[in-house]
Structure formats: structure tokens, C-alpha cells
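Hi,

Here is the structure I promised to pass on to you. Have a look at it first, and then read on for my notes on what turned up.

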Amino acid sequence: MGASSGIGLATAEAFASRGVKVGLAARHTESLKELQDKYPRFVEYASIDVTKPEAVGQLLQLIDALGGMDIYFHVAGIGTENLDLDPEVEVNILNTNSLGFARMICAAYRYFRKNYLPGHIAAVTSVAGTNGIGRLSAYSASKAMAQKYLIALEQLSNDEGALISFTDIRPGWIKTPLLTPGHHYPMEMDLEYVVPQIIKAIVRRKRVSVIDWRWNILVGLWRLLPNCLWTRMNLTISTPDNPLP
């Protein structure tokens, strides 16, 4: 879910190229159709907007077209700096990253539970969910929500004996269309470097995977900071098109 570009599209192609049947979904389907043309035996796709109530039914139709589902992988998300705190921008981010996330993760959970399948739900959240980031207020809050939501559903799965496992993938900055063109971001990574690590985390059903080791160390330090210090920090998200100091 969210396979039109970036992590979603690159991961889908990596699986399809290995002979794994994948179902692609996104609001815009041009790149999905191109991937189906490239791997016609292994790719199905559908136009799905996670912010719409009908997205649940559309997901079930895509699952039927695939002949079933073993892993649900949620990548759909948006984010931007919003220093003006424009309410519409904040609400739009939360609508996609929180409400849309809950809508689709719930749909996948219910599918596995209803069909008594040992399913696997994987999702890309972010290291930004470690704490509230002033320049990414709605984005960081939505990613924290997503992380807690997966924990809650894992507890529910254990309580119900639903046999559903979860993988929370938390990357740092990755060169995708989500980032501002012409800007440099701290410890920025390429898709070619990140995607193999994502695939490894999914295949091994790792519970939490912070990508990469540098970010793992950094977020560990973030967790140690009390709010009285964190809220006084000036975090620079990106710099214009010149080398970082």
C-alpha cells in the first residue's frame, strides 16, 4: 500500500523480480501499470486512496485478484515541514498517516483473523516517531501513533491467538519524492542501500528494524533525553543545495 514511488515501488519490484506475487496499490497507478507490464505474471494493482472509506473494499478486491495475501506491507504516507502550522496541512498529514494507516492496518488484521491465517503485517513508520519534532509536528506525531498502534494490535493478536506477526520498519532520511528536491538531509540514504534491509526485516519477521545502524544509535540517544532538554533543542531538518558543514 503506497507503491507508486519510493520505498513502496522499489520494494515491490524487488519482490516481483524474485518471483513473488505482489499486489500494488496507490492513488496514482501509472508506475504500477509499468511494473505489471514488466512482470505480468507476478503483479496485480489497484487505485486505492487510504483516506477514503471505500479503500477497505478495494483492498479486499485486490487480495481476491491475487488469490490471497500472506503479507500486508503499508508504506503510504506523506509529510512536510509546516512552520506556519497551516491547519489544513497538518490535518492532511494526519488523515493519511494516522487515520488512513489505522483503516488499512485494521482491514489487513481482520482479513487474516477472519480466514484463520498466520498473517504478517509490516509497515514503514519512521525514526521521526521517536519524539515530537517541531519542524515536522504532524508527521512525527503520526509516526509515533503508527508505532504504538502496531504494538496495540500485536497485544490484541496475542490475546486472541490470531497468529498475526508485525514488523515496524523505522528508516531515517531516504532519497525519495517525499524529500524536498535540492536539499541535503542528515545521514541521507539511497533506496539501493535501504531496500535490501527492508526485505531482510520482512522476510525474517523482525519486530522492529531501525534503518540504519547510525540512526539506531541516534534514536537510542534521543530516548534518553528528558522533555525539558528535548524541547529546547533546535533540530535542523535539511539544508539548501550545498554541502552539510
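Helix α1 passes α6 in a right-handed crossing. This comes from a predicted model, so please read everything below as computed from that prediction. The two helices pack at an angle of about 65°, and their axes are 10 Å apart. An angle of 65 to 115 degrees counts as roughly perpendicular, and α1 and α6 are therefore roughly perpendicular to each other.

To find this contact on your screen, look for residues 6-16, which make up α1, and residues 191-203, which make up α6. On the α1 side, the residues that meet α6 are Gly6, Ile7, Ala10, Thr11, Ala14 and Phe15. Their partners in α6 are Leu191, Val195, Ile198, Ile199, Ile202 and Val203. Sorted by class, the contact of α1 with α6 has 10 nonpolar and 2 polar residues, with no charged ones.

How enclosed is α1 by the rest of the structure? Largely, because 8 of its 11 residues are buried. The buried ones are Gly6, Ile7, Gly8, Thr11, Ala12, Ala14, Phe15 and Ala16. They pack against several elements: the helices α2 (30-38) and α6, and the strands β1 (22-26), β2 (43-47), β3 and β4.

Setting aside neighbours within four places in sequence, Thr11 is in contact with Phe73, Val195, Ile198 and Ile199.

Helix α4 (residues 87-114) and helix α5 (residues 137-160) have axes that come within 9 Å and cross at roughly 15°. That makes α4 roughly parallel to α5. The crossing of α4 and α5 is right-handed. By class, their contact has 15 nonpolar, 5 polar and 4 charged residues.

Next, the aromatic side chains. How many aromatic pairs does a search of the whole structure find? There are 4. In one of them, the rings of Tyr111 and Phe112 have their centres 5.6 Å apart and their planes at 65°, so the pair is edge-to-face. Both Tyr111 and Phe112 are buried. Another pair is formed by Trp222 and Trp230, whose ring centres are 5.4 Å apart and whose planes are at 65°, so this pair is edge-to-face too. Trp222 is buried at 11% relative accessible area, and Trp230 is buried at 6%. Together with Trp215, Trp222 and Trp230 form one aromatic cluster.

As background, most residues other than glycine have a negative phi, and most peptide bonds are trans. Here are the exceptions I would show you:

- Ile211 and Asp212 are joined by a cis peptide bond, with omega at about 5°. Asp212 sits in the loop between β6 (208-211) and α7 (213-224).
- Tyr116 is not a glycine, but its phi is positive, near 55°. Tyr116 lies in the loop between α4 and β4 (120-124), and it is exposed, with a relative accessible area of 75%.
- Leu163 also has a positive phi without being a glycine, at about 60°. Leu163 belongs to the loop between α5 and β5 (165-171), and it is exposed, with a relative accessible area of 63%.

Beyond its neighbours within four places in sequence, Ala76 is in contact with Met1, Gly2 and Val50. Ala76 and Val50 are 26 residues apart in sequence, and their C-alpha atoms are 7.8 Å apart in space.

Happy exploring, and do write back with any questions.

Best wishes

Methods:
Residues are numbered from 1 along each chain as its sequence is written. This is a predicted model: local features need pLDDT of at least 70, side-chain atom pairs count only at pLDDT 80 or more; totals for chains, interfaces and linings use all residues. Side-chain values use heavy atoms; hydrogens and water are left out. Axes are lines fitted to C-alpha atoms, for helices over the stretch in contact, and angles run from 0 to 180 degrees between N-to-C directions. Helices (H or I, at least four residues) and strands (E, at least two) are DSSP runs, numbered from the N terminus. Angles under 35 degrees count as roughly parallel, over 145 as roughly antiparallel, 65 to 115 as roughly perpendicular and the rest as oblique. A crossing is left-handed if the near helix is turned anticlockwise from the far one by less than a right angle, and right-handed if clockwise. Ala, Val, Leu, Ile, Met, Phe, Trp, Tyr, Cys and Pro count as nonpolar, Asp, Glu, Lys and Arg as charged, and the others, Gly among them, as polar. Buried means under 20% relative accessible area, exposed over 50%, partly exposed in between (1.4 Å probe, protein chains only). Contact means heavy atoms within 4.5 Å. Rings of Phe, Tyr and Trp (its six-membered ring) pair if their centres lie within 6.5 Å; planes under 30 degrees apart count as stacked, over 60 as edge-to-face and the rest as tilted.
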